[in-house]
Amino acid sequence: MIIFGRIFLGFGVGFANQAVPLFLSEIAPPNLRGALNISFQLFITIGILVSNLINYFTTNVHPHGWRISLGIAGVPALMLCLGSILICETPTSLIERHKVEEGRKVLGKIRGVENVDDEFDSIIHACEMAKQVKDPFRKLMKPVSRPQLVISICLQIFQQFTGINAIMFYAPVLFQTVGFGNDAALLSSVITGLVNVFSTVVSIYVVDRAGRRILLLEACVQMFISQVIIGIILFKELKTTGDNLSKGEAIFVVILVCTFVMGFAWSWGPLGWLIPSEIFPLETRSAGFAFAVSTNMLFTFIIGQAFLSMLCQMQAGIFFFFAAWVIIMGAFTWFLLPETKGVPVDAMVDKVWKQHWFWRSFMIEDDRPDVKVV
């Protein structure tokens with residue numbers, strides 16, 4: 001029953017991860033798109049924190065503590081279900097389904113103004129272009145769609161190879177390894193959860209001011225330094241499985257883990273969802289983001305299954321493994337990831353991809369007429 005329940009939960013999580021970022025990107029004005037979209041990640045981090053708190057308080061409830069932990073997960077699911085009934089469709093979705101006037105009304109409602117003619121015309125134009133594409137998945141395989149597809153898939157792979165899910169999944173095991181007891185290990189997970197939440201709030205404030213690239217690059221430096229120092233400490237001190245760190249060293253490792261989580265939570269965590277949701281043109285947006293979500297789920301599964309064995313075999317070396325991936329991620333961001341701050345989603349081709357030193361060579365087959373931009 002637990003396995004079947006987990007499968008159904010997987011369907012729900014997959015649908016939500018596909019729908020919510022696209023929904024937020026389509027309703028948000030360009031100057032607030034980053035902050036609004038990252039609110040999705042903020043509530044994920046709040047959920048992680050709440051789950052850690054629940055686990056902490058139910059760990060000593062015998063014999064049904066684990067049932068309480070799993071059962072309470074139905075509460076946010078019910079909230080999501082009820083909320084989905086109350087919210088409106090996006091203007092783009094309504095216009096695509098030939099509900100043009102309703103789309104105009106919704107656009108005026110979410111913008112808070114009556115005159116939305118320019119943005120409305122831009123959406124109409126994008127929808128007309130999308131109608132010309134009968135098979136969006138085939139269009140994704142063409143060179144003109146390669147920049148968005150490659151970046152979306154790579155961001156999801158890199159997001160997992162930062163090592164964040166490995167650390168969050170097995171934080172109690174990790175903290176036990178460095179000397180904390182069972183309860184203290186769960187409490188340490190609560191601490192990292194708090195760091196996760198507050199750092200995501202920082203991202204909401206900064207992303208539309210500083211931009212996407214600077215957050216990603218700064219976080220690469222921060223995560224690399226944290227992981228290398230953790231690796232050196234553990235490599236030096238944990239010479240055998242039974243050894244523990246001193247109390248001071250163990251606390252320092254927790255601080256470093258929090259520093260790592262901090263860097264991830266204001267960069268690769270939220271931006272791994274934000275950027276793929278905003279860079280595809282309308283005709284391939286849903287299909288392209290589906291590739292991103294599927295890639296994320298696949299590599300979440302792979303890392304989740306492999307991390308414990310890797311930790312046992314590689315021990316401290318696992319942090320050097322993830323640190324090496326952070327270097328690759330930083331190079332990818334520096335050379336191949338363009339800035340999308342403040343660019344309307346339907347103007348990405350002309351304002352971003354056709355201007356990039358590398359990706360513009362893939363735009364020569366783009367037969368889309370100029371998009372009217374607001």
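Thr92 is buried in this predicted model, because its relative accessibility of 5% falls under the 20% limit for that class. The residue belongs to helix H5, which covers residues 91-96. Setting aside residues up to four places away in sequence, Thr92 touches Glu26, Ile123, Cys127 and Leu282.

Val116 sits in the loop that joins helix H6 (100-111) to helix H7 (117-131). Its relative accessible area is 5%, so Val116 is likewise classed as buried. When neighbours within four places in sequence are left out, the contacts of Val116 are Arg104, Leu107, Gly108 and Arg111. The C-alpha atom of Val116 is separated by 23 Å from that of Thr340, and these two residues are 224 residues apart along the chain.

| Residue | Location | Relative accessible area | Contacts beyond four places in sequence |
|---|---|---|---|
| Thr92 | helix H5 (residues 91-96) | 5% | Glu26, Ile123, Cys127, Leu282 |
| Val116 | loop between H6 (100-111) and H7 (117-131) | 5% | Arg104, Leu107, Gly108, Arg111 |

Attention now turns to a pair of helices. Helix H3 spans residues 65-72 and helix H4 spans residues 74-86; they pack at an angle of about 10°, and their axes are 5 Å apart. Angles under 35 degrees count as roughly parallel, and H3 and H4 are therefore roughly parallel to each other. On the H3 side the contact is formed by Leu70, Gly71 and Ile72, while H4 contributes Gly74, Val75 and Pro76. Sorted by class, the contact of H3 with H4 comprises four nonpolar and two polar residues, with no charged residues.

The protein chain as a whole contains 18 helices and zero strands. Its C-alpha trace spans about 65 × 45 × 35 Å along the principal axes. The radius of gyration of the protein chain is 22 Å, which agrees with the value near 21 Å that a compact globule of 374 residues would have.

Burial and surface can also be stated for the entire chain. Of its 374 residues, 48% count as buried. The protein chain exposes about 18400 Å², and carbon and sulfur atoms supply 69% of that area. Among contacts in the protein chain with a separation of 6 or more, 76% are between residues 24 or more positions apart.

Technical notes. Residues numbered from 1 in each chain as written. Predicted model: local features only at pLDDT ≥ 70, side-chain atom pairs only at ≥ 80, totals over all residues. Heavy atoms only, no water. Axes fitted to C-alpha atoms, helices over the stretch in contact; angles between N-to-C directions. Helix = DSSP H or I, 4+ residues; strand = E, 2+ residues; numbered from the N terminus. Parallel < 35°, antiparallel > 145°, perpendicular 65-115°, else oblique. Contact = heavy atoms within 4.5 Å. Nonpolar A, V, L, I, M, F, W, Y, C, P; charged D, E, K, R; others polar. Buried < 20%, exposed > 50% of the residue type's maximum accessible area, 1.4 Å probe, protein only. Rg over C-alpha atoms; globule rule 2.2 N^0.38 Å. Areas by Shrake-Rupley, 256 points an atom, 1.4 Å probe, with all protein chains shown as cover.
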